[in-house]
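Hi there,

Here is the structure I promised to pass on to you. Please open it alongside this email and follow along as you read.

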Amino acid sequence: MKHHYRLILIISLMITGCNIGGQGEEVRPLLIGANKIIDQTKADAAKQVVLSMDEVVEVKAVNFENNIYIFAKVKQFDRFFLERIRNEAHDKVKKRVPDVIVHVSTDKKVFLELEKLERKINNDEIDKKTIEKDIKKIEDFMKG
C-alpha cells in the first residue's frame, strides 16, 4: 500500500512539473501603429508573425527606412536551436513583408535596446536622428 502512495506522489509531481512550463504568462507585443514619428505597421506585422511561432515567448521589433529589426525571446529548451529559429523567423517575416530587409536576433542586448526604442517611439519621446543613432547601435550588437 505504501508503494501505491509513492507511485501516486511521483506521478502527481511529474504531471505538475510538466504543466509549469505551459503556464507562462502571456506576453503581448507592443503594437505601435502608423500614427508615430515613423510608421511601425510593418514592425507590428513582424511581431505577430514571430510571436505565432511555438518557440517564441516574447518579441520586440522596430522598422526604420527599409529594414525591420527583430528580437525573439525563445523558450529555455529551444535555446539549443537558436540558429534554426532565427532563420525560420526571418523567412516567415520576409514572406509576410517582402519589401524590407529583415534582421533577427536572440541577443539580450538587442532586446534591451529595441525595448527602449519601442517605448520611446510609442511615447513620442524621440526624433528621427536619435532613432537612426539607436538603430546603428542595434546593428552593431547584431553583428556581434
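Below are some notes on a sheet and the helices beside it. Please keep in mind that this is a predicted model.

Let's begin with the sheet. Three strands form an open sheet in the order E1-E2-E3, and their pairing is mixed. E1 and E3 are the edge strands, each pairing on one side only. From one strand to the next, the twist averages 20°. E2 and E3 run parallel and are joined by five bridges.

Now for the helices. H3 packs on this sheet, where it touches E1, E2 and E3, and its direction makes about 155° with that of E3. Helix H4, residues 108-122, also has a place here: it lies across E1, E2 and E3 and runs at about 60° to E1.

Which residues of H3 are buried? They are Leu-82, Ile-85, Ala-89 and Val-93. These residues sit on the same side of H3 because they cover an arc of only 65° around the axis. Among the elements that cover them are helix H2 (41-51) and the strands E1 (56-64), E2 (67-74) and E3 (101-105). On the face of H3 turned away from the buried side, you will find the exposed residues Glu-83 and Lys-95.

Definitions and conventions: Residues numbered from 1 in each chain as written. Predicted model: local features only at pLDDT ≥ 70, side-chain atom pairs only at ≥ 80, totals over all residues. Heavy atoms only, no water. Buried < 20%, exposed > 50% of the residue type's maximum accessible area, 1.4 Å probe, protein only. Helix = DSSP H or I, 4+ residues; strand = E, 2+ residues; numbered from the N terminus. Arc of directions from axis to C-beta. Contact = heavy atoms within 4.5 Å. Pairing = 2+ DSSP bridges. Axes fitted to C-alpha atoms, helices over the stretch in contact; angles between N-to-C directions.
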